[in-house]
Amino acid sequence: MAEIERLLQILPTAEHARKAWETFGEVIVADSTEEMVAIADEIASEHVQVMTADPNYFLDNMTNYGALFLGSRTNVSFGDKVIGTNHTLPTRKAARYTGGLWVGKFLKTCTYQRIETDEASALIGDYCSRLCALEGFAGHGEQANIRVRRFGGREVPYAGQTEPTSETAA
């Protein structure tokens with residue numbers, strides 16, 4: 001804490017740094033490296049600097065971070081400016097579901113689906129109908145029900161929920 005206060009006295013950007021520290025700064029004490037990993041994964045920081053006797057433990061066990069900087073020879077500014085893959089990283093806990101910006105984010109990805117048989121369409125329609133009913137998506141459920149009627153030969157009330165068949169009950 002004394003070092004943070006010292007830096008906040010001498011940094012050219014001390015006014016902004018102090019506001020950031022006062023608003024977002026935090027010191028968290030953990031009882032074990034396992035707890036440290038759990039806390040870090042919950043926070044899902046944009047940048048994580050690891051300076052421990054075994055930084056590889058964090059590399060092997062952490063899953064939610066934008067960029068991980070391992071050991072005292074590595075630091076955030078090296079990664080941002082010189083050795084990193086990109087400076088644009090997920091913020092506000094977004095590292096729980098996405099990584100940093102990379103070339104793949106700029107590639108157009110097209111996907112398609114095609115169900116090849118009447119039986120498969122009816123079977124998938126059965127599952128979809130029940131899931132949509134649980135979620136309250138009547139319109140989506142009706143799209144599934146149309147396929148159950150047309151390709152499965154089963155009557156389902158409009159926007160109703162299909163009943164499990166012997167195939168889907170297993």
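The model is predicted, so local features need a pLDDT of at least 70 and side-chain atom pairs a pLDDT of 80 or more, while totals for chains, interfaces and linings use all residues. Residues are numbered from 1 along each chain as its sequence is written, and side-chain values use heavy atoms, without hydrogens or water.

Back to Tyr 57. What does Tyr 57 form with Phe 58? A search of the whole structure finds one aromatic pair. That pair is Tyr 57 with Phe 58, in an edge-to-face arrangement, with 5.7 Å centre to centre and 85 degrees between the planes. For the cut-offs: rings of Phe, Tyr and Trp (its six-membered ring) pair with centres within 6.5 Å, and planes under 30 degrees apart are stacked, over 60 edge-to-face, the rest tilted.

Now the chain as a whole. Its secondary structure comes to eight helices and two strands, taken as DSSP runs numbered from the N terminus (helices H or I, at least four residues; strands E, at least two). Read from the N terminus, the order is α-α-α-β-α-β-α-α-α-α. The chain has 170 residues, and 24% of them are buried. Of the contacts with a separation of 6 or more, 35% join residues 24 or more positions apart; a contact here is heavy atoms within 4.5 Å.

Next, the start of the chain. Met 1 sits in the segment before H1. Is Met 1 buried or exposed? With 63% relative accessibility, Met 1 counts as exposed. Setting aside neighbours within four places in sequence, Met 1 is in contact with Trp 21 and Val 27. For Met 1 and Val 27, the C-alpha to C-alpha distance is 8.6 Å, at 26 residues apart in sequence.

One backbone item. Ala 44 has a positive phi of about 55 degrees, and it is not a glycine. Where is Ala 44 placed? The loop between helix H3 (33-43) and strand E1 (47-50) holds Ala 44. Ala 44 is buried, at a relative accessible area of 2%.

Two residues further along the chain. Ser 129 belongs to helix H6, residues 118-135, and is buried, with a relative accessible area of 0%. Apart from residues up to four places away in sequence, what does Ser 129 touch? The list is Ala 144, Asn 145, Gly 160, Gln 161 and Thr 162.

Val 156 is in the loop between helix H7 (138-152) and helix H8 (166-169). Val 156 too is buried, with a relative accessible area of 5%. Leaving out neighbours within four places in sequence, Val 156 is in contact with Asn 145, Val 148, Arg 149, Gln 161 and Thr 162. One distance to finish: Val 156 and Ile 146 are ten residues apart in sequence, and their C-alpha atoms are 8.4 Å apart in space.

Definitions and conventions
Buried means under 20% relative accessible area, exposed over 50%, partly exposed in between (1.4 Å probe, protein chains only).
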